[in-house]
Amino acid sequence: MLRERIEQGKIYFRNSEKNVKIEEVLEYLNSKADSEIRFQTTGDMQKAEYAVLIIGEGEAGKLPSIEETRKLLYMQQCIVLVKKVLFDNYEKYRKEQKNGKVSDNPAYQVIRIFNEDLKNRRWIYTYTFENEISIIIGKIILSEYFSINFSKSKVNAKTGECFENILTFKNTGYTRLEGYYIDGLFIHNTGKHRPRLESFDPVIGTVWPHKEIQMKMNFQAPDIAGSFIFYLIIKKRGRILKMDDSIRKFILHVTSAYDTVSYDAVLLEESPPNGILYTDKMDFLKNWKLKNISGENWKKIIFKIRYEHLTHYFCKERRKIIYDVPDGSEFTISGKFYTPDIPGKYTAFGQLLREDGTEITTDGPLCCSVVTQYERQSQFEII
């Protein structure tokens, strides 16, 4: 039986590089993609899967307007390529500009929108020669991208108990996925214990472009009671692959055979969320909103950061005290962090203690995870 034909990949192009022919870019993509796929152009931004903006040194009239540029900025898949000499000049101007004045150069204005919007900024790729453009676009669009989700984000189990969690694995790219396997680990919410992972089948079968598969994954709970995070990593021959998000995890609450699931506090929300990609070095505040369900009034509780990344300490406040938290009340804990200098993924775990030093258990880990990458022109892989 023939496999269902995949819908053509539609790309919206805005090209101000006079020496680049869009037909040659499409020809390159179609020669590298799965044989069932054909890429084509579309003039409707709303129907495009990708938008490609190429900014050359000349032909300013082919650059999008500021209004159109902002629409491109909010597209999930927008690729921005700028001639290196032009981007270098923009960076020099940006450092030397005075009184917040904006350049009259149309290319600088467009680049500024993509590069300086801290919330929605986009990676800007540079090229030196025009014949590099097809290869750069191909590497981005044809890379091994996929989305994954667990059917259960929270699992309760007894120590040593076997359980399953269904994983949905979707190929969101344009090349078939073969020869992949799952690796992972459990980490206690204090970061102290990393029990050995037991009993699950890590092999992923072939996944065709724009298709998904479901896998029943079998696990064995650690033999230590407490809250654990399972981190999932997808690899191929030892190489970590690109993903549409930086962290894949579910939370496991383990109790002994004689205990029942009971927590002193419920984690209601946290901000900013874990796994955010930071492209600038900065300080930020992490907040956890909790509710006291212990049945007791807390006159004084202590929040401590008990574990940070092995080589980088990025928390600026490792101990805080909160007073007067009645039973049933909501309260917020905050901590100051900064983004580490070296690109990578970093996680810190916190713990709540009563005044007498006994632990206040929570139904979710109090952790802060960040991903940093400071090379704007580089493609990157994160887990």
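This briefing describes the cores, strand and helix packing, aromatic pairs and local backbone features of the structure above. The model is a predicted one. Its largest nonpolar core has 26 residues, and a second, separate core has 25. A search of the whole structure finds 20 aromatic pairs.

**Nonpolar cores**

- Within the largest nonpolar core, the residues touching the most other members are Phe-163, Phe-186, Leu-232, Ile-234, Phe-250 and Leu-252.
- At least two residues of this core come from each of β6 (146–150), β7 (154–158), β8 (162–171), β9 (180–188), β11 (212–220), β12 (226–236) and β14 (249–255).
- Strand β12 gives the most to this core, namely four residues.
- Apart from neighbours within four places in sequence, Leu-252 is in contact with Val-155, Ala-157, Phe-163, Phe-186, Ala-221, Pro-222, Gly-226, Ser-227 and Phe-228.
- Two of these contacts of Leu-252, Phe-163 and Phe-186, are also among the core residues that touch the most other members.
- The second, separate core of 25 residues includes Val-20, Val-52, Ile-136 and Tyr-174.
- In soluble globular proteins, nonpolar side chains tend to be buried together.

**Aromatic pairs**

- The ring centres of Phe-163 and Phe-219 lie 5.5 Å apart with their planes at 20 degrees; the pair is therefore stacked, as the angle is under 30 degrees.
- This pair links distant parts of the chain, since Phe-163 is in strand β8 and Phe-219 is in strand β11, 56 residues apart.
- Phe-163 has a relative accessibility of 11% and so counts as buried.
- Phe-219 is likewise buried, because its relative accessible area is 0%.
- A cluster linked by ring pairs consists of Tyr-278, Phe-284, Trp-288, Phe-303, Phe-314, Phe-337 and Tyr-346.

**Strands β4 and β5**

- Strand β4 (residues 78–83) pairs with β5 in the parallel sense, over four bridges.
- Lys-83 has Tyr-127 of β5 as its bridge partner.
- Strand β5 (residues 124–127) is covered on both faces: Ile-124 and Thr-126 are buried on one side, and Tyr-125 and Tyr-127 are buried on the other.
- In a regular strand the side chains alternate between the two faces of the sheet.

**Helix packing**

- Helix α3 (residues 84–96) and helix α4 (residues 106–116) have axes that come within 11 Å and cross at roughly 75 degrees.
- From α3, Leu-86, Phe-87, Asn-89, Tyr-90, Glu-91, Tyr-93 and Arg-94 meet Ala-107, Tyr-108, Ile-111, Arg-112, Asn-115 and Glu-116 of α4.
- Helix α5 (residues 133–141) is mostly covered, with seven of its nine residues buried.
- The buried residues in question are Ile-133, Ser-134, Ile-136, Ile-137, Gly-138, Ile-140 and Ile-141.
- Elements covering the buried residues of α5 include β1 (9–15), α1 (22–32), β2 (39–41), β3 (50–55), β4 and β5.
- Ile-136, one of the buried residues of α5, is also included in the second core.

- Leu-290 belongs to strand β17 (residues 283–292).
- With a relative accessibility of 0%, Leu-290 counts as buried.
- Beyond neighbours within four places in sequence, Leu-290 is in contact with Ala-265, Val-266, Leu-267, Leu-268, Ser-329, Glu-330, Phe-331, Ile-333, Leu-352, Thr-362 and Leu-366.
- Leu-290 and Asp-363 are separated by 73 residues in sequence, and their C-alpha atoms are 9.8 Å apart in space.

**Local backbone features**

- A cis peptide bond runs from Ser-271 to Pro-272, with omega near -10 degrees.
- Pro-272 is in the loop between β15 (265–271) and β16 (276–278).
- His-210 is not a glycine, yet has a positive phi of about 65 degrees.
- The loop between β10 (203–204) and β11 holds His-210, which is partly exposed, with a relative accessible area of 30%.
- Asp-324, also not a glycine, has a positive phi of about 55 degrees.
- Asp-324 lies in strand β19 (residues 319–325) and counts as exposed at 60% relative accessibility.

Notes: Residues numbered from 1 in each chain as written. Predicted model: local features only at pLDDT ≥ 70, side-chain atom pairs only at ≥ 80, totals over all residues. Heavy atoms only, no water. Core = buried A, V, L, I, M, F, W, Y, C linked by side-chain atoms within 4.5 Å. Buried < 20%, exposed > 50% of the residue type's maximum accessible area, 1.4 Å probe, protein only. Contact = heavy atoms within 4.5 Å. Pairing = 2+ DSSP bridges. Phe/Tyr/Trp six-rings, centres within 6.5 Å; stacked < 30°, edge-to-face > 60°. Axes fitted to C-alpha atoms, helices over the stretch in contact; angles between N-to-C directions.
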